[in-house]
Structure formats: C-alpha cells, structure tokens
Amino acid sequence: MAAAPTEPTVRLPGIVLASLMFQHVNSDSDAEGLVLGESKFEEQITISDSQADHIHIEEIYNIQKHRTFHQLNTFYNSVGDVKVEAVHKLLADNKQESVIGWYRQRRNTDQRMTLREKIVHENLKTSLSNPHMVFVLLTPSELTPAGSTYRTEYAAFISRSRKFLNVPVLVTNLGLLEPLSYWKVSASCSAAGYNLTMKKHGAKFFSSNGLLREVNEVNKMNDSLQSELQKTCGDVEESELLVETLQTEVSALRRKVREKRQSQAGTDVVVDLSVQRNNLLLEAVSALFTRSPLYHSQTLTLEAFPVPVVPSVCCDQHVSTMTLTKCDAANPSRTNCRRPRAARKRRNSES
Amino acid sequence: MNNMSPEVALNRIAPELRPLLCSVVRNGRVGLDSTSCLRVTDLKTGCTSLTPGPCCDRFKLHIPYAGETLKWDIIFNAHYPELPPDFIFGEDAEFLPEPSELPHLVEWDAGDPECLLQLVKELIQQYHSYQCQRLRDSSRLLFEYDSLLEDPNYGRNMEIYAGRKNSWTGEFSARFLLKLPVDFSNIPVYLLKDTTLDPGEDVALLSVSFEDAEATQVFPKLYLSPSIEHALGGSSALHIPAFPSGGCLIDYVPQVCQLLTNKVQYVIQGYHKRREYIAAFLSHFGMGVVEYDAEGFTKLTLLLMWKDFCFLVHVDLPLYFPRDQPTLTFQSVYHFTSSGQLYSQVQKSYPYSPRWDGNEMAKRAKAYFKSFIPQFQEGAFANGKL
C-alpha cells in the first residue's frame, strides 16, 4: 500500500477565535497564551480497483479554549527557554494534558513566525513532552491609512524536523458558509443539553425580551440622550423667541426716536457747534511765555553777537511787541486779543 | 517601502527604545560595505490606535550584505521596553541562529544603547555561517569558498550570499563579496578630497556572482569607495579582467588585487614624478615661472622671452605621467584670435621619453622651446591680431 503524507488541519471554534480577537482589541500590547483542546490522527484508507490502496492520515488539532498570560515573556526567557512552572501556574487546574499548543497576537507584523517563537515552540514540545503542538498566530493590522478599517489575519503552524509548516485553519461554525451568506437567525436546536445550558446561563446575557443585556442598556442610554437633546432644543427655541421679541421692541423704539427728531427739526435753531476757544488758557500762555527769553527768537550778527531786537509775541502776529494788550478776562467769549493802539513796529534784522 | 531619514524614525519610535535605535541608525555600519549605514523603514506600533504617540516599536531594518540588502523585522513592545527584541529574517525562513551564540541576546540589557547594534552584528555573523553552510549544495562553490578561507588575506573579509535553488533546473547560484587588501594610505591627500560625497573608509570590494553551480557563468565587478575612484581617475579608469573560463577565485582574486595595487602605485609614483618635474622646471626657468599647482603638481605656467617676443607656456601634466606625455600650450601675449582669445598653439608630440628624469625633461623642454618659438611667432603674426 502506498503511504501518503499527513495533512494537518486546525479546527478552531468561532467563539474561541472571536474571544481571542476581542481580547486583543482591548489589549494595548501583544498577547500570548496557551491553547487547549485535543489532537488526533485519523487514518483513512482509500481502496480502489484501478490503483494501489491509498493511506491518507489526517492530523487534526481541535482547539477548544485558550488561557492568556497576563504579561508577555512570562513562560520563557530571552533565548526561548521555557519555564514550565509558569505554564503550570497558568493551568491551575492541572490541565497540562489538554495543552495542544500556544498562541500569540501581535499587531502590524507579518504572518510569519519569529525567531523566538520558533525556539519557544520547539522547547515547549520538549518541556510538555508533546511532539504534536500547534502555534496559532493572529496579526491585526490597519487596512486603510485613516485607520477606519482593520483586519485580523490568523494562521497556524506546526514543526516537522525543525521546519515550520503553515497549517490550514478551519473555523468550525463558519466552515461551510458561503462568503455572501450571513446568518440572520440562530439555528434552532432541540438538544436537551443545549437547552439546559441556555437555561442555566442565559439570564446572565439575555434580558426578558430576548435581546442581549447590553443592547437594552445601550437603548436606555440612547433614550436618555435623546430626551436631554430635546430639552436643550426647547431651551434654545425659547431664547431665540425672546431675542426676536426684544429686537422687535428695539426697532419700534428707534422708529419713534427718529420720528420725534424729524418733527423737532423744523422748529429748533441750529446750534453752532464750532469749537470754542479757551480764552483763559490763551491768556495764561500769553502771560507766561511772551516775556520768557527762552521762547524768543534771536538774530545774530556775523560775529555771533545778538542783534538787539524787541522780542515778538508768539501767539498773534498782529499784536504789538511793545505792549501787550491784556485780553478782557471778564469776557471769556472774546476770541482774539485786541489790536493795540500803539503803532506797530517792524522788526529789522541786520544782515 | 517608505524611506525615512534617521531623525524621522527616531521621532516616531517609543521614547524608551530611542537610544537603541539611535545607535543603529547613526553608528550602524556593519559588514564589508561599511560605506552605507543601516536603514530603518516601515515603523509600526503594537499598541492600539488610541495610544498617544510616539509609540512605534517594530520596524524593518535594511542591512547591506554581500551585495544584497537583507530586510529583517525587529519587534519590540512599547509597554515592555525592557524585553529583548524578536526577529523575522525576511525570506530566509530557514535561518535559525543558535541563541546561546548571541551573547547580547542572552544578556540583553535594555539600558545599553549599543545592545541592539551588537546583537544585529552577532546575527549577521550567524547569517554568514548559515550562508556558507548552504554552499554545501554545490561542491564547486564549496571548493571556491574553502580555498579562499585558507588565505588569511581574503578569508576574514568575505561575505557570501547563496541564492535560491531553482526547483526545476536544480541550479544554484551564489555571490562572493571580498574586501581587497590594498593599501590606499599613500595616495596623496589632494586626490582623495574634492569629492562631494562623504568619503568614509577607503575600500575596494570585489563582487563575483556565480550564476550556476558549475561556474560557467561568472560575473565579477569591482566596487571602489568614491574617494578612491576619484583618485584613480574615475569609474572608467580601471577595468578588471573577465573571469577566466575554468578558473577559480583563489587565482583570480589575487590577480585583481595586484592590478589595483599597481594602479595605486602608479598614481602615487605619478604624483612624485610630477613634483620632481615641476621642481626641475622651477630650477631651470627660475623667474620665468608665473604660477604652478603646488598641491597636485599638475600645472605650470611660464612667461618667456625670445628676441623681444614674450610668450606664455602652459604645461599640463596628466594623471598617468610620466607614461602619458605632458601637453604644452604656447600662448602669445600680444595676439588675439577672432573670438577674442589669446592666440595659442597646443603641442602634444615633441621630443619626450618617460624614462628621463625631471632634470632631463626640463633641459629637453627648454631646447624644444627654442626650436619651436620662431615658428610659433610667425603663426601668431600671421593668424592673430594685435
């Protein structure tokens, strides 16, 4: 009989895969742990009249659950030596015989085993005395640059003579599903065990209306949010109405003022709004500065001697430099100093 | 692949990992081709997208090796920066180094900025051993390797890349990259500068590609560092012989080495010969020297007079002097050509022998000037205008 090579397959329940993905989504780093289940070898012999009998060996790894280490690099060191006590500690209920492999989840990396993973895998096989172990690798990554869509790829590996082979993974509850088909209702099941389990644990997950508890809570939160939004909208509407009313009142008042002004325009005298001079200040400046030598201009001869000139008044050219006529302080409405009676003297400078 | 500068990579990496990466991107010169640095690309993170940056902790490292570029993934964990990195060796899925032979992995020290770089160097050494092991698939190539290994001049400075075996034809290919033990230290400094590129280490690498296991298709190529290439006269100045049919590397490599050494010696001797030549002219022509190249001794200008006729003589010495004859350019100081340039005549063939010493060359040149000048003067009057 002709012997055919084994064809290994990993069977992974959807719930375990979903649980692994969900766990890693909520983890801020890589994750790793052990996978539990059973591995079996099935020999199938194909008998045919036309050709020699064909032996076909199926190597099946049934993954049933997983256990996660709380930290990375817990059960091995930097060179990949396995710490068996850490494995035992994780399997507190002594389920070592059901360990059929381990898994690792690492974001944004290739779907290939790393150096340390290969070494750890070989050492784990030796430590647990199980030559048939599987390594499951999940690699979530961003599918779009904006980060709106992610994908998680998964693969399984086994080692044969220190060579690592990629093994097909069959997700059992999606195994026969066509890509375009979706389950819209759950399939009915009449098994007594199933009903008993649902009865025992169902209340933790489902509410009385058959929906997941979280869905009800989300709906309630949504209702609260909607009522708050409506309340706020009502407040905004009220304030808008108030503003409108006030604006109407303001417009009416402005109109009245304008009309009143127009009716008064024909009877009132136009008020002279020209600027009034501050005669008191003018008088004070004249008194202080006209006699101050600092403010007098000086003419010099070529020999730099001053020409004896009568200093001129800075505020008004028409006022005599001989005598300054005092402005009438009693009548501040007078804008100019009066022209003096004395003859005006011209200032001559010697060249 | 997204190329990024070292500064960009350092800005995006998680702060705890920055010192490790800094050593790699700034000081990371490994292997024989140390002119190129290690490069980092594809920086990514193992954290969720909600984690505020910078938090990148995994990247691809590009390593020049035996004429190829290895692309290795290096994976850290930003939340566990003290843990040692992990590696994916690109397409070399079968490369599995022994961890106990990686001291910097056994004693990983996240606080030592050089730890990652040293670990990478150890991995490259292991990779080299792995490639040499792969040569065992071809007895012919294994013989080439073993024979080179026995020679200490080449055995210690060799990188080998064994290519993929073609599963249909069974053909196996390999590339040998060897650092040639040629001494470049005596090349005059002026020849080595004046290159816009970072000169780095002066090195000559010989790459020999075997496209088949029986060595019927062998393609050698010589790589020189930019400064050496410039000093020897450019990429076209040196042609190595083709790999002889039926030949082997242990005979061929020394031949190429000798050729390169001779070239370098020639350049060095040429420099000294030029200096001797210029010195002799200075001695013979004294006050007639206008200027000369005091660094490379490649040019000399003389102002001479013959029967009240003044003229300039420009002497240009080629790189491979004295094998190549200097060019003499006679130039009138009175006459112009129609294009406004000074009237000149170039003389490339005149009495000359590379075996003369500088003194003899100066004397012979002087005699030649005397014989040629009347003819030059006539030409200047006839063809030039004042």
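# Report on a two-chain predicted model

Ser161(A) is located in the loop that connects strand S7 (150–160) to strand S8 (163–167) of chain A. Helices (H or I, at least four residues) and strands (E, at least two) are DSSP runs, numbered from the N terminus. The model is predicted, with local features requiring pLDDT of at least 70 and side-chain atom pairs counting only at pLDDT 80 or more, while totals for chains, interfaces and linings use all residues. Residues are numbered from 1 along each chain as its sequence is written, chains are lettered from A and ligands numbered from 1 in the order in which they are written, and side-chain values use heavy atoms, with hydrogens and water left out.

## Backbone features and accessibility

The phi angle of Ser161(A) is near 55°, a positive value in a residue other than glycine. Asn73(A) likewise has a positive phi, near 55°, and is not glycine. Asn73(A) sits in the loop between strand S4 (54–68) and helix H2 (84–90) of chain A.

Two cis peptide bonds may be described in chain B. One runs from Gly53(B) to Pro54(B), with omega near -5°, and Pro54(B) belongs to the loop between S1 and S2 of that chain. Another joins Phe321(B) and Pro322(B), with omega about 10°; Pro322(B) falls in the loop between strand S11 (309–316) and strand S12 (327–336) of chain B.

Two further residues are described by C-alpha distances. Ala213(B) occupies the loop between strand S7 (204–210) and strand S8 (218–224) of chain B. Ala213(B) and Asp137(B) are 76 residues apart in sequence, and their C-alpha atoms are 8.8 Å apart in space. Asn262(B) is part of helix H9 (residues 249–285) of chain B; its C-alpha atom is separated by 9.8 Å from that of Val182(B), a residue 80 positions away along the chain.

The table lists relative accessibility for four of these residues. Buried means under 20% relative accessible area, exposed over 50%, and partly exposed in between (1.4 Å probe, protein chains only).

| Residue | Relative accessibility | Class |
|---|---|---|
| Ser161(A) | 74% | exposed |
| Asn73(A) | 13% | buried |
| Ala213(B) | 13% | buried |
| Asn262(B) | 40% | partly exposed |

## The two chains

Chain A contains 6 helices and 9 strands. Of its 351 residues, 28% count as buried. Among contacts in chain A (heavy atoms within 4.5 Å) between residues at least 6 apart in sequence, 63% join residues at least 24 apart.

Chain B contains 10 helices and 13 strands, and 50% of its 386 residues count as buried. For contacts in chain B with a separation of 6 or more, 55% are between residues 24 or more positions apart.

## Nonpolar cores

A nonpolar core is a set of buried Ala, Val, Leu, Ile, Met, Phe, Trp, Tyr and Cys residues joined through side-chain atoms within 4.5 Å. In soluble globular proteins, nonpolar side chains tend to be buried together. The largest nonpolar core has 50 residues, of which Phe59(B), Ile63(B), Trp72(B) and Leu116(B) touch the most other members. At least two residues of this core come from each of the following: helix H3 (115–127) of chain A and, in chain B, helix H1 (6–12), helix H2 (18–27), strand S1 (39–44), strand S2 (58–65), strand S3 (68–75) and helix H4 (115–134). H4(B) supplies the largest share, 9 residues. Domain 1 (1–47 + 54–135) and domain 2 (137–183 + 203–247) of chain B each give the core at least three residues; the domain bounds come from an automatic or database domain assignment. Apart from this core lies another, of 42 residues, including Leu141(B), Ala174(B), Ile228(B) and Leu249(B).

Leaving out residues up to four places away in sequence, Phe59(B) touches Ile13(B), Leu21(B), Val40(B), Thr41(B), Asp42(B), Leu43(B), Trp72(B), Asp73(B), Ile74(B), Phe76(B) and Leu116(B).
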